[in-house]
Number of protein chains: 2
Amino acid sequence: MNPSIQFCSRCGHQVSLKIPPGETLLRHVCDQCQMVHYQNPKLIVGSIPEWKSSILLCKRAIEPRYGYWTLPAGFMENQETTSEGAIRETLEETGAQVQIESLFSLFNLAHLNQVHLFYRARVLLPVFGPTTESTEVALFQEGDIPWQDLAFVSVRETLAHFFEDRKNNRFILHQIDLDPAQETTPLSISSKAAG
Amino acid sequence: MNPSIQFCSRCGHQVSLKIPPGETLLRHVCDQCQMVHYQNPKLIVGSIPEWKSSILLCKRAIEPRYGYWTLPAGFMENQETTSEGAIRETLEETGAQVQIESLFSLFNLAHLNQVHLFYRARVLLPVFGPTTESTEVALFQEGDIPWQDLAFVSVRETLAHFFEDRKNNRFILHQIDLDPAQETTPLSISSKAAG
């Protein structure tokens with residue numbers, strides 16, 4: 001199933017694909033200590049950083065989608081909340097401090113075992129710039145968004161719904177299931193998706 | 001950090017705690033092949049199954065919280081969406097088929113590396129009963145909810161907000177961060193949380 005699970009992380013013996021007793025799905029089970037190595041979807045958390053009426057975007061300095069523009073987002077870490085993760089990723093990728101507002105979009109990418117969450121956020125001070133993860137960080141008015149050069153479908157959908165809701169002065173939670181057919185671009189947000 | 005990560009799942013060699021180049025957090029890194037073994041929060045997905053004005057609850061047949069009542073919920077699996085996971089868990093734990101309505105609550109349990117999502121759901125037919133995961137499955141009117149015997153804080157909070165919103169005829173998304181101090185009961189939804 002997952003080619004990078006060949007050995008037990010606890011005892012180092014080989015694992016085999018088996019359905020554990022009382023379960024229904026194939027799992028990587030250790031031949032020696034019987035530990036079951038569960039694989040679960042990962043959360044990607046990000047923000048829509050607003051400064052006055054502009055949105056802060058970053059140009060990716062890393063693969064995948066090197067050189068394309070994105071909203072700041074990345075893998076949620078242990079020991080943090082979804083909002084804390086969105087604040088941290090925004091700081092790491094743009095240098096900007098934000099205050100989180102409402103949850104705006106939730107994407108299921110079942111084929112990639114990912115769930116993406118984007119929060120509306122307020123940029124506290126217009127202090128930002130290139131980081132190790134972004135070659136360029138800039139504020140965009142709605143009319144200047146580089147729609148053709150956005151890195152991920154979930155970013156494009158989030159921005160499109162955001163401007164639509166802002167026009168209507170009513171922000172709702174957008175829940176969207178993306179499948180490979182809807183994607184014209186690779187969707188793994190970061191190389192940490194591997195494994 | 002995680003005592004059950006001692007060996008590389010890809011090559012079987014020992015791992016060490018290190019900060020990989022370009023990162024800021026300690027990770028389990030293979031001494032031999034350098035593979036980084038990321039650890040990320042897990043999603044628990046569940047439903048609030050409504051039949052007429054009653055809610056379907058199940059009495060846990062498994063630890064933790066054996067014998068306590070809960071809303072059907074469990075770990076999201078790879079290759080499914082959050083809604084599909086909630087439907088599957090409801091079927092597995094109650095035998096009932098549900099149709100998912102809106103996302104109702106999102107809990108962060110940063111100390112357990114968990115995010116819980118509960119969806120409002122409509123029971124399609126009043127066909128349900130004990131399962132391998134529940135010794136008892138029953139419909140409860142609001143006045144009969146066994147508040148003192150609920151398994152998890154996120155379940156209690158979800159039910160309390162649900163009945164309040166229903167009274168007000170207005171369902172909103174509830175986002176709650178739980179820390180250990182708020183918990184009077186163990187919170188790991190299933191033994192699968194280990195590892």
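1. Chain A contains 2 helices and 11 strands, where helices (H or I, at least four residues) and strands (E, at least two) are DSSP runs numbered from the N terminus. Read from the N terminus on, the elements of chain A follow the order β-β-β-β-β-β-β-α-β-β-β-α-β. This is a predicted model, in which local features need pLDDT of at least 70 and side-chain atom pairs count only at pLDDT 80 or more, while totals for chains, interfaces and linings use all residues. Residues are numbered from 1 along each chain as its sequence is written, and chains are lettered from A and ligands numbered from 1 in the order in which they are written.

2. On overall dimensions, the C-alpha trace of chain A spans about 60 × 30 × 30 Å along its principal axes. Of the 195 residues in chain A, 38% are buried; a residue is called buried if 20 or more other C-beta atoms lie within 10 Å of its own, exposed if 12 or fewer, and partly exposed in between, with C-beta atoms placed from the backbone. Among contacts in chain A between residues at least 6 apart in sequence, 64% join residues at least 24 apart, a contact being two residues whose C-beta atoms, placed from the backbone, lie within 7 Å.

3. The same surface serves both copies, since 100% of the contact residues of chain A recur in chain B.

4. As for the contact between the chains, 35 residues come from chain A and 35 residues from chain B. On the side of chain A that touches chain B, strand E4 (42-51), strand E8 (98-109) and strand E11 (174-177) of chain A each supply at least two residues. That side of chain A is made up of 13 nonpolar, 16 polar and 6 charged residues, with Ala, Val, Leu, Ile, Met, Phe, Trp, Tyr, Cys and Pro taken as nonpolar, Asp, Glu, Lys and Arg as charged, and the others, Gly among them, as polar.

5. An open sheet of 3 strands in chain A has the order E1-E2-E3, with antiparallel pairing; two strands pair if DSSP finds at least two bridges between them. Strand E1 (15-18) and strand E3 (36-37) of chain A stand at the edges with a single partner strand each, so one side of each has no neighbour in the sheet. Strand E2 (residues 27-30) of chain A pairs with E3(A) in the antiparallel sense over 2 bridges, and Val29(A) has Val36(A) in E3(A) as its bridge partner.

6. Helix H2 (residues 153-168) of chain A has 16 residues that should span 22 Å at 1.5 Å a residue, and its end C-alpha atoms are 23 Å apart, which agrees; the expected span is 1.5 Å times one less than the number of residues. The buried residues of H2(A) are Ser154(A), Val155(A), Thr158(A), Leu159(A) and Phe162(A). Seen down the axis of H2(A), these buried residues fall within an arc of 130 degrees, so they line one face of the helix, the arc being that of the directions from the helix axis to the C-beta atoms. They pack against E4, strand E6 (69-70), E8 and strand E9 (114-123) of chain A, whereas the face turned away from the buried side of H2(A) carries the exposed residues Glu164(A), Lys167(A) and Asn168(A).

7. Most residues other than glycine have a negative phi, and most peptide bonds are trans. Asn169(A), although not a glycine, has a positive phi of about 55 degrees; Asn169(A) is found in the loop between H2 and E11 of chain A and is exposed, with 6 other C-beta atoms within 10 Å. The peptide bond from Glu63(A) to Pro64(A) is cis, with omega near -5 degrees, and Pro64(A) is placed in the loop between strand E5 (54-60) and E6 of chain A. In chain B, a cis peptide bond likewise joins Glu63(B) and Pro64(B), with omega about -5 degrees.

8. A last point concerns Gln114(B), which lies in strand E9 (residues 114-123) of chain B. With 21 C-beta neighbours inside 10 Å, Gln114(B) counts as buried. Not counting residues up to four places away in sequence, Gln114(B) touches Pro41(B), Lys42(B), Ile44(B) and Leu109(B).
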